[in-house]
Amino acid sequence: MTKVTMTVNGKSVSAEAEGRTLLVNYLREGLGLTGTHVGCDTSQCGACVVHVDGKAVKSCTVFAMDVAGSEVRTIEGMANADGSLGVVQQAFQDHHGLQCGFCTPGMVMTTAALLANNPKPTEAEVRHELEGNICRCTGYHNIVKAVLAASGQDAGAMAAE
Amino acid sequence: MPKDTGIGASTKRREDVRFLTGRGVYTDDLSLFGQAHAVMVRSTVAHGRIVSIDTSAVESMPGVLAVFTGEDFKDVGGNPAGWLINSRDGTPMREPKRPVLAHGKVRHVGDAYAAVIAESYAQAKDAAQVLSDATEIEELPAIVDMKAAAADASNRVHDEIPDNICFDWGWIEDNRAAVDAAMKAAPHVVTLELTNNRLVPNAMEPRASIGEYFPGTGDYKLTTTSQNPHLTRLLICAFVMGIPENKLQVVAPDVGGGFGSKIYHYGEEALVLAAAKRLGRPVRWTAERTESFLSDAHGRDHVTKIELGCTKEGDILAIRTETYANVGAYLSNFSTATPTFLHGTLMAGPYKVPHVYVNVKTVFTNTAPVDAYRGAGRPEATYSIERVVDKMCRELGLDPFEVRRRNLLTPDQFPYTTPVGLVYDTGNYQATLDKAVDLADVAGFEARRAESAKRGKLRGMGLSTWIEACGIAPSHLVGVLGARVGLYDAATVRVNATGTISVMTGAHSHGQGHETVFPQIVAEKLGIPASSVEIVHGDTAKIPFGMGSYGSRSLAVAGSAMDRAIDKIIAKGKKIAAHMLEAAEGDITFADGKFSVAGTDKAKTFGEIAFSAYVPHNYPLETLEPGLEETAFYDPANFTYPAGAYICEVEVDEGTGKVDVVAFTCADDFGNVMNPMIVEGQVHGGVGQGIGQAVLESTSYDENGQLLTGSYMDYAMPRADDVPFYTVDHSCSTPCTHNPLGVKGCGEAGAIGSPPAVVNAVIDALQRGGHSHVTHIDMPVSPNRVWQAMNA
Ligand code: FES
Ligand code: FES
């Protein structure tokens, strides 16, 4: 066990980790940040997505030690300073982009990174970018709408309901 | 104007805030002082005799606290099937014991035969691997193919069951001769053999369980990923472990999706309880996704021959089916009900078909148990019917829309007694069909087809008109049909002294949004803000005995119980108000949150009445108990019968066989709708899963019983770019006639109605594209299968 230090949601933190400790386990078990979920064991589902130095990363694919010293952001750090929901979070609530909520943290983190790179994505781009995030509940309809809405576009018109 | 509060409003979900900020609490998120970790040791062969398990190989490994094998549970009970089904000849089904841990034999890859408990997860995992290597299993030939299993008496999944048949069921057996005669006399008979592909439910939260034991009181606590904590408790206590029911608390906290797979009790739940007792520490277990693939109950897996007798004009005269249904290696809790009473009873569909006979043979194989998955039996029935009706249209050169119109029941025919034992209470199937035709712009299809053709794609359109029976279920009826439980539900409405309300419900929310919708109903009925109503669910120590959520039953059954309990609150409130207002009880009316004396301006608010009930200074104590809390149990008088019409458009790439679902339209009748936003979300989710079944998802075992599709690398889950935006409508509503809210249930509709619409569209595309020899392709309609069919 070694002490691994990094910045998580703006705070410097440290916790014990083995060489084989994954970032997701470091966050969940080491720091008690259980908003980041584990949905698979093959880096396919995206439930574990966090930001490492601004990039969306599947935290089940990274060793904690390898990101020592990095800036990590998790779902717990996505609300506004006053505690209200951030833009992406609010769009997911407004458009019913979640049901059981299990895929949701990963969806929100992926969306935030997506919009940082591509502020006005097309529907096709959104669907393509979300390929690494599996949701079993929503059939994706309202997730895609939420992402489009978070980008400031008229999601209702684009969904042509 | 759409409402923004109360019944019928698209109120935003209050539970979203915790899920969106990472503050949901799922089972695996809990961390308990002193907890130990369990890892299951699972069979790597499909069928084998356990020769030896050398537990000494791991007992001294670092951190190992205990090892359990099947020996430790051989004297406790087994996990039972919830329904007892008789064969056509009257003999009862075969029900082999399903032990906590496999004993003597392993029967499928992933069958757990041992468990290691250690200080850390990593230590338990390391030891489990060593124990696996220290186990000798004599491999036996795997029984994978259903028909071969039923034909070969020499090779047995369960030694005591010679032909691997659980039961051979006929529905309705007494009608068989009449159906055979009608089929013989029919001017035209359409025959179709099809497979309803095996699916892995894949709730995104893997199963997890934490067991606790409190030696001071002898109490147990199980925190688990369950859709129905009371049912889980009942199964563990009464059938498996013999713990008194009042000594086991079962909590299902936030649960990340279920779709049926979390209805059932699984051996891991009993294991963590036994381990917690032995160690005196909390013991936790969480499935890896690979374990979920291997050990969660799978869905579907039917092979069916369906025949349809009709006139040359397309009037359906008779339907006859013969189905082989795979139950896997053991009976799961609903696995005998799914292919029978949730399937055979729906085989008349929404049509006026006079003669129907259904035969189902359920077969044990060396594969994971198969049980109810979103729709459960009804998707299989709908798929068979809607595919064979489509084939009839093609054979006779008839228009599929017109043929549906000819055969659909008409509104004046309700209540309608089907030839397969159900009474449909109400519906308007023409209305939903017309609505779907309109919304899907069927008239504009040719133009869209021409446009697709310009891009080199074959475009097709498929229709399905579906019905289901949900709101499960009237207890007396399911009792006759073999259920070992009742299927009522319960609610307690507790008005607190300060006027806020806690509703304890037997329903369980694992994505459905009960915490938002149930308060909408309470608020509307009591004339108070929804924000003062709190929903309590998922904890047997807090809620009345309810049966949980599955079978689209939450609102129709548990919601009705809540409605009844609210009525009792109002009735008691009137008595209190009559006393306080010095009026006759019969003169008190209740509206907009006020109890008033009719024809006067004398009134008491709901809050004043609540306060008086708990501070009963001016109160009729001689005749009325203080307090304001009521419980109601509600047993439905009938199933509910949602129905609808779905239209799918696909594009098929002729070069590769790839199918793209490019448009999907749903017109549904769910009766009254409490929250349209949530109802539409349920349909989206169901359709997404239905498209997954039709186009992508395949569960494959090789001839040795190895699961070839055991991860997301191999099992094609629908992803965002596999589906289009859906058009969803529920305006053609005929309220349910027998429950107080007039609701029918919407959770399974999408998964039931969509697969045949997709496959019908693919066949349509190929036929229009000149591949007229292609009359059927089994699901999933993968590029390989479609290409092979086109080029056959
Ligand atoms: S848990 Fe990381 S991708 Fe599934
Ligand atoms: S909301 Fe349940 S998996 Fe996406």
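Student: In which helix of chain B does B:Asp390 lie?

Tutor: Helices are DSSP runs of H or I with at least four residues, strands are E runs of at least two, and both are numbered from the N terminus. B:Asp390 lies in helix H9 of chain B, residues 378-396. The model is predicted: local features need pLDDT of at least 70, side-chain atom pairs count only at pLDDT 80 or more, and totals for chains, interfaces and linings use all residues. Residues are numbered from 1 along each chain as its sequence is written, chains are lettered from A and ligands numbered from 1 in the order in which they are written, and side-chain values use heavy atoms, with hydrogens and water left out.

Student: Is B:Asp390 buried or exposed?

Tutor: Buried means under 20% relative accessible area, exposed over 50%, and partly exposed in between, with a 1.4 Å probe and protein chains only. B:Asp390 has a relative accessible area of 3%, so this residue is buried.

Student: Which residues is B:Asp390 in contact with, leaving aside neighbours within four places in sequence?

Tutor: Contact means heavy atoms within 4.5 Å. On that rule B:Asp390 is in contact with B:Pro400, B:Arg404 and B:Asn760, once the neighbours within four places are set aside.

Student: How much area do chain A and chain B bury between them?

Tutor: The size of an interface is often given as the accessible area lost when the parts come together. Here buried area is the loss in accessible area (1.4 Å probe), summed over both parts. Chain A and chain B bury about 4300 Å², 57% of it on carbon and sulfur atoms. Chain A brings 50 residues to the contact and chain B brings 53 residues.

Student: How many salt bridges does the rule find across the interface of chain A and chain B?

Tutor: A salt bridge is a side-chain nitrogen of Lys or Arg within 4 Å of a carboxyl oxygen of Asp or Glu. The rule finds five across this interface. A:Arg28 forms a salt bridge with B:Asp28, with the closest N and O atoms 2.8 Å apart.

Student: Which helices of chain A each supply at least two residues of the side that touches chain B?

Tutor: They are H2 (87-94), H3 (104-117), H4 (123-129), H5 (141-150) and H6 (155-159). The largest share, five residues, comes from H5(A).

Student: What do the buried residues of H2(A) pack against?

Tutor: Those buried residues are A:Val88, A:Gln89, A:Ala91, A:Phe92 and A:Gln93. They pack against H3 and H5 of chain A together with helix H1 (16-20) of chain B. Just after H2(A), A:His96 takes a positive phi of about 55°.

Methods:
Buried area is the accessible area (1.4 Å probe) that two parts lose on being put together, summed over both.
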